[in-house]
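The sequence and structure come first.

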Amino acid sequence: MDTEAEFAAVRSDIAEGRLSDVPAKMRSIAEASGEPFTIIKCMSLLKSVGDDSVMPDLMEMLSASIRDDETRLQSAMALRSLGYPSKALGLLKALGDGDTVLRESASCLMDMDENDEALDRLRGIREPTPQDGCMIVEALGSLGEHSEAVEVASALLERHPGLYDVRLRYVSALISAGRQKDAIKYARAALKEKSADANALAGYVMWVTGNVKSAGAYSSRAVQMDRSHVGAMEVLGLCLAEKGEIDKARIVAGAINEVRPGDKAVLNILSYCSMRSE
């Protein structure tokens with residue numbers, strides 16, 4: 001059986017709830033491959049079932065398999081997405097201070113609640129992107145600088161009114177600044193678009209403001225419109241977990257992992273599942 005067939009068999013096991021053998025199978029596939037991105041895929045699948053038992057072994061295999069700077073960068077990005085920002089930052093230290101490295105280092109630092117240092121990295125980026133602006137808004141909010149966060153988010157929205165991440169960061173900044181009514185008003189107005197992004201945005205706002213039923217409904221509608229909308233899938237998974245439908249929530253996490261392997265949304269859902277299961 002080739003590697004892809006082995007992965008397909010493991011996905012089938014996960015879908016049918018046969019989880020006990022997944023860690024051993026992931027370790028076996030990783031050992032046989034010795035290839036960084038196959039090892040990362042194994043790590044990502046392990047995260048999707050909420051089992052870290054063989055993760056230290058996979059981490060050692062990954063470190064030993066890295067041979068060049070691009071692989072080091074991609075591995076760091078994957079580790080950060082999987083919830084290992086400190087390990088990721090360690091890999092990045094050998095890669096200089098280019099924009100991509102500064103951006104990824106800032107993401108790691110934000111995950112570690114080192115937001116002041118993250119802001120320094122973000123403001124050092126020579127050719128900033130809209131996503132960099134979103135990260136600045138998030139870091140400012142984490143530091144309690146809510147007025148400045150709304151100001152930066154508003155300016156971003158003026159320049160990039162159609163970008164989902166920018167719109168999401170805008171309503172998030174409003175809510176953090178105590179302007180929930182403005183966030184809800186914006187999200188409701190956006191629903192006139194009848195798009196997946198608009199429904200996903202409404203789902204997010206409803207979730208953050210405590211309306212789980214509406215959040216689930218809007219997010220489900222967004223996923224029906226766009227089966228690869230990770231933002232909508234994340235909120236849907238969180239809503240399912242909140243309602244106690246843990247198995248369904250984990251299935252959504254697995255679906256996100258198929259669309260965007262190692263995405264932070266997977267970890268967010270699984271962490272919430274664990275919390276709700278306690």
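**Salt bridges and helix packing**

The structure holds 20 salt bridges. The model is a predicted one.

**Salt bridges across the chain**

- Glu-148 and Arg-123 form a salt bridge, with their closest N and O atoms 3.5 Å apart.
- This pair links distant parts of the chain, 25 residues apart: Glu-148 belongs to helix α10 (residues 146-159) and Arg-123 to helix α8.
- Glu-148 is partly exposed, at 33% relative accessibility.
- Glu-193 and Arg-167 meet through their side chains in a salt bridge of 2.6 Å, N to O.
- Because Glu-193 sits in the loop between α12 (180-190) and α13 (196-208) and Arg-167 in helix α11 (residues 164-176), the pair ties together parts 26 residues apart in sequence.
- Arg-167 is buried at 6% relative accessibility, whereas Glu-193 is partly exposed, with a relative accessible area of 43%.

- Lys-243 counts as exposed at 55% relative accessibility, and Glu-245 as partly exposed at 26% relative accessible area.

**Helix α6**

- The buried residues of helix α6 (residues 85-92) include Pro-85, Ala-88, Leu-89, Leu-91 and Leu-92.
- These residues lie on the same side of α6 because they cover an arc of only 160° around the axis.
- Ser-86 and Lys-87, on the other side of α6, are exposed.
- The buried residues of α6 pack against α5 (69-81), α7 (99-111) and α8 (115-123).

Methods: Residues are numbered from 1 along each chain as its sequence is written. This is a predicted model: local features need pLDDT of at least 70, side-chain atom pairs count only at pLDDT 80 or more; totals for chains, interfaces and linings use all residues. Side-chain values use heavy atoms; hydrogens and water are left out. Buried means under 20% relative accessible area, exposed over 50%, partly exposed in between (1.4 Å probe, protein chains only). Helices (H or I, at least four residues) and strands (E, at least two) are DSSP runs, numbered from the N terminus. The arc is that of the directions from the helix axis to the C-beta atoms. Contact means heavy atoms within 4.5 Å. A salt bridge is a side-chain nitrogen of Lys or Arg within 4 Å of a carboxyl oxygen of Asp or Glu.
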